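Hi,

Here is the structure I promised to pass on. Have a look at it first, and then read my notes below.

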Amino acid sequence: AGESVRVVNQDGTVVCEVDDDTTFSLGDGLVLVDGVVSIDPTYLLTQISTLDSTGNTGYSTSITIGADDRGLISYHNNTNGDLYVAHCDNNACTSATPYILDSTDWTGYDTSIAIGTDDRGLISYHDSTNGALKVAHCNDALCTSATPYVLDDTGFVGQDTSIAIGSDGFGLISYRGATNGTLKLAHCSNAVCSSADITTLDSTGNTGQYTSIAIGSDGFGLISYYDVTNSALKVAHCNNALCTSATTASLDTEGYVGTHTSITIGDDGRGLISYFDNTNGDLKVAHLGIGVP
């Protein structure tokens, strides 16, 4: 009683001072010590947490934010060869609950996760035993279990998967057809993706590695990938929402470039692609021009 409360910056300057009759509440990251409100120094630190240490685990990770606003992470356990998901127990994900989603054969490589229109996780991945593209549809928001489906097992396929939810509300999955060295696309036939329509988008030379997909401002898929034959970065722009065909273009052919691609759509509505320049050991980015491709 009779004590004032001061709010101060980190440099010690007083922001404001109130008497003991003022009602206030502390926000996140603030502490009250001896009448002084200041920033908790631990709040500013990056928190590193081990979520799963069972065996040799954590390969091929992909993360998204679930319908409950908690992180949902897909990954591969290399000890038992299974597909896993970890559901974060809090917003900071200082701990998580891991679940096995697919333990049939040796599976769960090259995972990619998105949240479908049904608010359930949808995970694309590679089944290396059968050389197939698979998808797992979470059975609940926490993804405590999932139903796996084989989408493409023609030849050895399903590597380098990337998934996005299309403008029609169904999954679009880009991946590599290793048998013929092609870029392939699976358009899910329904929200759970129990089946899909398969299209080969690029079969020129040996191509389709390191795929990444995003939905463009026109509602059509935009895919970055690596052309092995020409050691080049390429992009494929779907010609319709189902992506039954695409227009492709080479973006960077200077040296050995274009591996490890990742694509997003900027606020200007155009594609932005990060990738690796193997010749010079550099990080590069490509900002797509209007109408490219």
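A quick definition before the details: a residue counts as buried when its relative accessible area is under 20%. Please also keep in mind that this is a predicted model.

I'll start with the charged pairs. The count of salt bridges comes to four, and here are notes on some of them.

Lys-234 and Asp-202 form a salt bridge, with their closest N and O atoms 2.8 Å apart. Lys-234 sits in strand S19 (residues 232-238) and Asp-202 in strand S16 (residues 196-202), so this pair ties together parts that are 32 residues apart in sequence. Now for the cut-off: Asp-202 has a relative accessible area of 4%, so the residue is buried. Lys-234 is at 6%, so that side of the pair is buried too.

Next, Lys-184 and Asp-152 meet through their side chains in a salt bridge (2.8 Å, N to O). Lys-184 belongs to strand S15 and Asp-152 to strand S12 (residues 146-152), so here, too, parts 32 residues apart in sequence are tied together. Both Lys-184 and Asp-152 are buried.

Then there is Asp-102 with Lys-134, another side-chain salt bridge (2.8 Å, N to O). This one links distant parts of the chain, with Asp-102 in strand S8 (residues 96-102) and Lys-134 in strand S11, 32 residues apart. Asp-102 is buried at 2% relative accessible area, and Lys-134 is buried at 6%.

On to the nonpolar side. The largest nonpolar core has 13 residues, and Leu-151, Ile-173 and Ala-186 have the most contacts inside it. Strands S11 (132-138), S13 (157-165), S14 (171-177) and S15 (182-188) each supply at least two residues of this core. Leaving aside residues up to four places away in sequence, Ala-186 touches several residues, including Leu-133, Leu-151, Ile-173, Tyr-175 and Ile-198. As background, nonpolar side chains tend to be buried together in soluble globular proteins.

Is Arg-120 buried or partly exposed? At 29% relative accessibility, Arg-120 counts as partly exposed. A polar atom of the Arg-120 side chain lies 2.7 Å from the backbone oxygen of Asn-139. Beyond the residues up to four places away in sequence, Arg-120 also touches others, among them His-137, Cys-138 and Asp-140. The C-alpha atoms of Arg-120 and His-137 are separated by 7.1 Å, with the two residues 17 apart along the chain.

Cheers

How values were computed: Residues numbered from 1 in each chain as written. Predicted model: local features only at pLDDT ≥ 70, side-chain atom pairs only at ≥ 80, totals over all residues. Heavy atoms only, no water. Core = buried A, V, L, I, M, F, W, Y, C linked by side-chain atoms within 4.5 Å. Buried < 20%, exposed > 50% of the residue type's maximum accessible area, 1.4 Å probe, protein only. Helix = DSSP H or I, 4+ residues; strand = E, 2+ residues; numbered from the N terminus. Contact = heavy atoms within 4.5 Å. Polar contact = N/O pair within 3.5 Å; in protein donor to acceptor, adjacent residues only side chain to side chain.
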